[in-house]
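Please look through the structure shown here, and keep the sequence beside it as you read.

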Amino acid sequence: MFISWGIIQSAVELGLIYSMVALALFLSYSMLNVCDLSTDGCYTLGCSVGSMVALTGHPVLALLAAIGSGICSGFVTAFLQTRMKIESLLAGIIVNTGLYTINIMILGKATVSLNDAPTVFTWMKKVLAGTPLADCYKLVVALCFVILTVLFLVLFLRTRLGLSIRATGNNKDMVRSSSLNPTTMITIGLCCSNAITALGGCLIGEYNKTCDINMGTGMVTIALASLIIGETIFGKKTVPWRAVGVVIGAVIYRIVVAVALRLNMPATALKLVSAVIVAVAISYPTVVRALALQNRRLSTRGISLYRILQAAFAALTVLFILLSVFTSGSRPLMILLALLCAVFLILMITADRKERRDAHAGA
Amino acid sequence: MLVLDNVSKTFNPGTVNSKTALDRLSLHVLPGDFITIIGSNGAGKSTLFNAVCGEFYPDSGTITLDGRDITWLPMHKRAAAIGHLFQDPMRGTAPGMTIEENLALASGRGGWFGTISRQDREFFRERLAELDMGLEDRMKQPVGLLSGGQRQALTLLMATVNPPKLLLLDEHTAALDPATAEKVTELTERIVKESCLTCLMVTHNMQAALDMGSRTIMMDAGRIIYDTSGEERKRLTVSDLMDLFRARTGAALDNDRMLLR
């Protein structure tokens, strides 16, 4: 079978664990309005600290140690950007670079295997042995942690402290005039989000039974892609709704990845795909506005830009479909490009319709 | 109440852009005073407010609020005692959060881990109803959906929900349309009166400067050039003010937003 239940299940498991990192970014990026680039390093930090503790036979203590390490990392990032006035992006990059050495020092080598160590997953396997849930013990563990994290975030963001953190990302002036210190709020927010990131890293380590120094590379982009998928599908309504959307976005991302891997897409291409998703999704509103403006400008000369683009994307779609049929080597890439062009075609048609409807309503 | 003693502030000292915004300014505000402040562009009116609320620290001089020296107190620590409204209605509220969430933050009820309780909602509803803008039925809506006037009224409520020792109003109605501005002005007068607040208000409306409050000061080049209250102030007209300004500075009062009526 093309897609088996097993593939979907492991995609969902991975998606749920990765969604922890996306939830951490939900707190720092969407709520606090800080793009925390130390995510990559902090994720690996959580995994390395967790792995070393798990190797001593204490998988649960490993999770707590990972959380603690994440809080420390978040505190340093926050300290640099609030007290030392380093640009928030740069502060993240600096911490990220420093964490690489720290992670190597913790691990002692580039890769550590947890094959013989007990983990929360092997523990849950023993607990569930013989029950109907025995086959999806990993899913149960992942789900538990995600539910706990979502609950924590939702409840936390409703408290006065949580509201203050949201307001800090929304309007710093207002926070100050409510006699709250934005520095404190950014520090607490980044400590919490990095704790969640590190916990996610630790869980991935215990899940994969390995910890690698390079496992975090590109994590921030992947998590942002999940976040954006979630917020695009679920909209930006209430906080609980958005948090659930982020989790589902991460799961969808992993399922798409699983399908892409099934299509023989090289695993190395995944980072490029997530980079494109993030870049396109964030620039989307700007592009749409620019296109609408150019379309209006050209329509005075009787040219419809949307029509031209529609024709171009339709032609490209057909071209890539034909290429995918007649070439053998790069078929997955051609299918991907054909799909992409089809999506753009649909976007152009909807934009054109909207423009006409608005023009009609205006007249 | 509020005492400024010889406060000076020069921006960009030692450069061609050097600007003395406050020049050995002294002001003694009595409890319950409602002072209106007028002056031309760049006279230092907003700078005076920023010095009081801690946006920057003065180069020299001291600021005392209610007997406590606040000269070196960070802004967010003064904010508990000082309410500050700006001309920009967007500045005082968090647009992505709901009305009740904004009010909850401003009121500071409950501990750090407290949530908005039913009593809080009831209290907010009552206070919002007093604004008479229908906001009490929109408490779950993001503030970003409100009009400028509604946002400014909400900001005023947020600044005074815990009555501050001092309320600073920096042309807070200048960006609103005339009808809304009048409404917010009415609200301001009512709230200041009800809570017996000490209040400083910068205004571009010369008539309002004389009609509202109990004392009027005129500023120019970082100094107070005229300070009036009581019987003398009651007899003043807008044209008297203009003449006084010309007599004391040798130039016409020049403010690009000024309303003479």
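Predicted model: local features only at pLDDT ≥ 70, side-chain atom pairs only at ≥ 80, totals over all residues.

Residues are numbered from 1 along each chain as its sequence is written, while chains are lettered from A and ligands numbered from 1 in the order in which they are written.

Chain A has 14 helices and two strands, where helices (H or I, at least four residues) and strands (E, at least two) are DSSP runs numbered from the N terminus. The radius of gyration of chain A, 23 Å, is close to the 21 Å that the globule rule gives for 363 residues, so chain A is as compact as a globular protein of that length; this radius is taken over C-alpha atoms, and the rule is 2.2 Å times the number of residues to the power 0.38. The C-alpha trace of chain A spans about 70 × 60 × 40 Å along its principal axes. The domain assignment, which is an automatic or database one, divides chain A into domain 1 (5–262) and domain 2 (280–362), and the centres of these domains, taken over C-alpha atoms, are separated by 36 Å.

How much of chain A is buried? The share is 41% of its 363 residues, where a residue is buried if 20 or more other C-beta atoms lie within 10 Å of its own, exposed if 12 or fewer, and partly exposed in between, with C-beta atoms placed from the backbone. A nonpolar core is a set of buried Ala, Val, Leu, Ile, Met, Phe, Trp, Tyr and Cys residues joined through C-beta atoms within 7 Å. In the largest such core, which has 155 residues, M20(A), A22(A), L23(A), F26(A) and L199(A) touch the most other members. Helix 1 (residues 5–31) of chain A gives the largest share of this core, 16 residues. A second, separate core has six residues, among them L305(A), Y306(A), F320(A) and M348(A).

Chain B has nine helices and 10 strands. Its radius of gyration is 19 Å, close to the 18 Å from the globule rule for 261 residues, so chain B is as compact as a globular protein of that length. Its C-alpha trace spans about 60 × 40 × 35 Å along the principal axes, and 41% of the 261 residues of chain B count as buried.

Where the chains meet, 18 residues of chain A are in contact with 23 residues of chain B, contact meaning that the C-beta atoms of two residues, placed from the backbone, lie within 7 Å. On the side of chain A that touches chain B, helix 7 (160–170) and helix 8 (172–177) of chain A each supply at least two residues, and the largest share, seven residues, comes from helix 7.

Finally, consider helix 11 (residues 239–262) of chain A. Its 24 residues should span 34 Å at 1.5 Å a residue, and its end C-alpha atoms are 35 Å apart, which agrees; the expected span is 1.5 Å times one less than the number of residues. The buried residues of helix 11 include R242(A), A243(A), V246(A) and Y253(A), and the buried residues of this helix pack against helix 1, helix 6 (137–158), helix 10 (219–234) and helix 12 (270–299) of chain A. Just after helix 11, N264(A) takes a positive phi of about 65°.
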